[in-house]
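Work through the following exercises with the sequence and the model open side by side. Each task is followed by a solution in steps.

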Amino acid sequence: MPSIELGESIPPDTAVSVSLPTWASNIGYEEGASWVVSRMTTGYPRYSISELSHAIITCYGKPDQKAMLFSTPEAAKRCLDFMRGRITDARDIQLHSISFDLNLSESTSSVLCGLSSTIAAALFPADAFGLAKQYWQHTGDGISSRRAEFCHDLLRAGMLVPRSSSNANREATLKPSRGPKRYQRTNSMDETTAPNGKATSPVSNDTKESSRFLEERFGRNLDLTLAEKARSAIRRRIAGSLVSEGDLAAETLPELLVSSARTKNLNESDIYLFPAGMNAIFNAHRALMTSRGKLQSVNFGFPYVDTLKILEKFGPGCIFYGNGSSSDLDELESRLKSGERFLALFCEFPGNPLLASPDLQRIRKLGDEFDFAVVVDETIGTFANVNVLPFADIVVSSLTKIFSGDSNVMGGSAVLNPGSNYYKSLKAAMDTVVEDNYWPEDVIFMERNSRDFLNRVERVNANAEVICDILRGHALVKDLFYPKFNSTREHYERCRLPHGGYGGLLSVVFHEQVSAQAFYDAMDIAKGPSLGTNFTLCSPYALLAHYNELPWAARFGVDAGLVRVSVGLEDQDTLSNTFRRALEAADKATR
């Protein structure tokens with residue numbers, strides 16, 4: 001993928017990443033510089049989500065309010081509870097939620113009625129948006145763009161209505177600015193009357209036409225039978241039992257093998273799907289607190305920032321071991337022997353961005369001896385390369401990354417280890433706390449994208465090693481971080497599958513910052529946040545993830561000049577030449 005203009009989405013017309021093509025633009029983004037921010041075409045809320053939020057406020061809120069959208073009433077309530085606990089002044093802050101249900105005519109088929117949930121909105125004063133965004137960012141509970149677009153269609157048609165009219169006062173009539181002409185009406189939804197002259201519900205005169213339009217769209221993209229098969233296919237791929245396109249066309253899927261490639265006795269019902277990777281981690285933490293009580297957790301190794309925030313903000317807190325080293329394990333063991341007890345240890349395998357692999361064998365031994373659960377995020381290693389489930393009680397992953405690859409859909413998963421000492425209690429807790437909030441259309445996209453997952457991972461592995469060979473030993477390069485070459489390789493090898501590789505993520509640190517800047521600016525590839533894309537993508541990771549805490553990150557080996565590269569599927573010669581030219585530019589700038 002060629003370089004993309006500042007502020008454009010990556011890939012075009014999606015919102016998984018955004019282009020920050022120069023070192024200076026990354027700094028400008030973090031500092032809120034207008035020359036960068038004004039050119040952003042993506043952000044949160046996404047356009048379709050923002051449109052629906054505005055429509056709900058217009059109809060059911062007040063001019064000085066904003067709305068955050070969720071897929072279940074419970075999620076909206078959790079958001080408002082989070083906000084209430086962090087409002088420090090004494091003002092009477094108006095916080096409330098609205099849950100919406102389908103209001104369909106009798107002539108409408110049961111296809112739409114099969115939706116398990118529609119949408120819920122948390123309403124709050126505009127100046128409290130930052131708090132609501134914190135909740136959304138950390139938990140992954142927010143809705144997807146596809147759900148927002150579909151629900152906006154329903155709202156326009158008068159088919160999505162508040163569950164209780166007491167939740168809010170209607171202050172305006174929704175008049176769609178865009179959309180099918182069939183939604184353009186001369187009368188407002190409030191003015192609809194029945195033949196006897198009595199007022200009716202907001203379902204308009206053209207409900208049948210609207211219903212037919214939505215059913216046709218739903219039938220084409222969101223057939224519930226197909227969606228359920230897609231969910232099953234995704235779970236089976238995660239289990240290590242491949243499902244072909246031919247299997248999906250069959251009336252029923254073949255039985256899942258009792259012993260999958262990941263572990264014995266793994267059942268499809270032990271694999272949970274979520275709308276985002278963070279939502280998988282958030283719900284794993286909720287399930288652990290439900291099953292084992294509210295104890296502190298351990299965050300082991302330099303973390304993805306929102307994992308640490310979940311452990312800090314949604315429970316009694318956590319102990320942080322940012323180096324993830326053997327000496328950190330020594331210290332943890334001493335605390336455990338002194339009588340301290342913990343809920344769980346959360347870690348990544350390998351870590352991001354230093355690609356160090358924690359000693360899962362020792363962690364598992366400590367967990368068994370001192371009664372704490374082990375949660376491993378395998379997003380970077382990916383279950384095509386490693387099998388960490390034997391060492392974990394729960395394995396979480398962001399399916400948004402290489403499992404999808406196409407960067408046009410989000411998703412996450414959590415896998416329970418049936419051999420875990422906590423399996424029965426965790427299974428009961430997961431079945432209690434996990435909500436059905438993965439939108440069927442997103443499920444279908446994820447299933448389609450992931451069909452060639454193993455082949456793509458194999459190619460990415462090979463490409464990444466070629467890039468490492470170019471960077472290793474170069475005079476400008478101070479450190480190269482990659483599981484194959486790290487000092488923790490032994491721990492990685494213990495989990496690597498027979499045909500597995502070392503993944504597509506690597507990080508490079510130069511001796512001088514000027515070299516890093518010139519190298520980054522000269523890269524003729526996509527540049528922005530995220531990873532696991534089918535195309536090569538790089539970013540100055542520390543600047544984007546820890547700009548306001550760079551000295552803190554440096555304490556754990558994350559250099560301010562670190563450049564992280566997520567290697568894609570491009571031709572090896574093309575990639576090699578791109579990196580060599582960038583090194584030449586760095587050499588010239590340094591000299």
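**Exercise 1: a helix and its surroundings**

Helix α6 is followed by G140, which has a positive phi, near 70 degrees. The model is a predicted one.

Task: State which residues of α6 are buried, and which elements they pack against.

Solution.
Step 1. Helix α6 covers residues 129-139.
Step 2. A residue counts as buried under 20% relative accessible area. In α6 this holds for F129, L131, A132, Y135, W136, H138 and T139.
Step 3. These buried residues pack against the strands β3 (65-70) and β5 (119-125), and against the helices α4 (73-84), α11 (277-292) and α12 (305-313).

**Exercise 2: the open sheet**

Task: Give the order of the 7 strands in the open sheet, and explain why one side of β7 and of β9 is left without a neighbour.

Solution.
Step 1. The order is β7-β13-β12-β11-β10-β8-β9, with mixed pairing.
Step 2. β7 (271-274) and β9 (318-321) are at the edges and have a single partner strand each, so one side of each has no neighbour in the sheet.
Step 3. On average, neighbouring strands of this sheet are turned by 20 degrees against each other, direction ignored.
Step 4. For β7, the partner β13 (residues 412-416) runs antiparallel and is joined to β7 by 4 bridges. Within this pair, F274 is opposite G412 of β13.
Step 5. Helix α15 (residues 423-433) packs on the sheet and touches β7, β12 (394-398) and β13; the directions of α15 and β13 make an angle of about 145 degrees.
Step 6. Helix α14 (residues 360-370) lies across β8 (297-300), β10 (344-348) and β11 (373-377), at about 155 degrees to β11.

**Exercise 3: two helices in contact**

Task: Decide whether α13 and α14 are roughly parallel or roughly antiparallel, and list the residues where they meet.

Solution.
Step 1. The two helices pack at about 5 degrees, and their axes are 11 Å apart.
Step 2. Angles under 35 degrees count as roughly parallel, and α13 and α14 are therefore roughly parallel to each other.
Step 3. From α13, the residues S326, L329, D330, E333, L336 and K337 meet R362, I363, L366 and F370 of α14.
Step 4. Sorted by class, this contact of α13 with α14 has 5 nonpolar, 1 polar and 4 charged residues.
Step 5. S326 belongs to helix α13 (residues 326-337). With a relative accessible area of 52%, S326 is exposed.
Step 6. S326 and D359 are 33 residues apart along the chain, and 7.8 Å separates their C-alpha atoms.

Terms used:
Residues are numbered from 1 along each chain as its sequence is written. This is a predicted model: local features need pLDDT of at least 70, side-chain atom pairs count only at pLDDT 80 or more; totals for chains, interfaces and linings use all residues. Side-chain values use heavy atoms; hydrogens and water are left out. Two strands pair if DSSP finds at least two bridges between them. Axes are lines fitted to C-alpha atoms, for helices over the stretch in contact, and angles run from 0 to 180 degrees between N-to-C directions. Contact means heavy atoms within 4.5 Å. Buried means under 20% relative accessible area, exposed over 50%, partly exposed in between (1.4 Å probe, protein chains only). Angles under 35 degrees count as roughly parallel, over 145 as roughly antiparallel, 65 to 115 as roughly perpendicular and the rest as oblique. Ala, Val, Leu, Ile, Met, Phe, Trp, Tyr, Cys and Pro count as nonpolar, Asp, Glu, Lys and Arg as charged, and the others, Gly among them, as polar.
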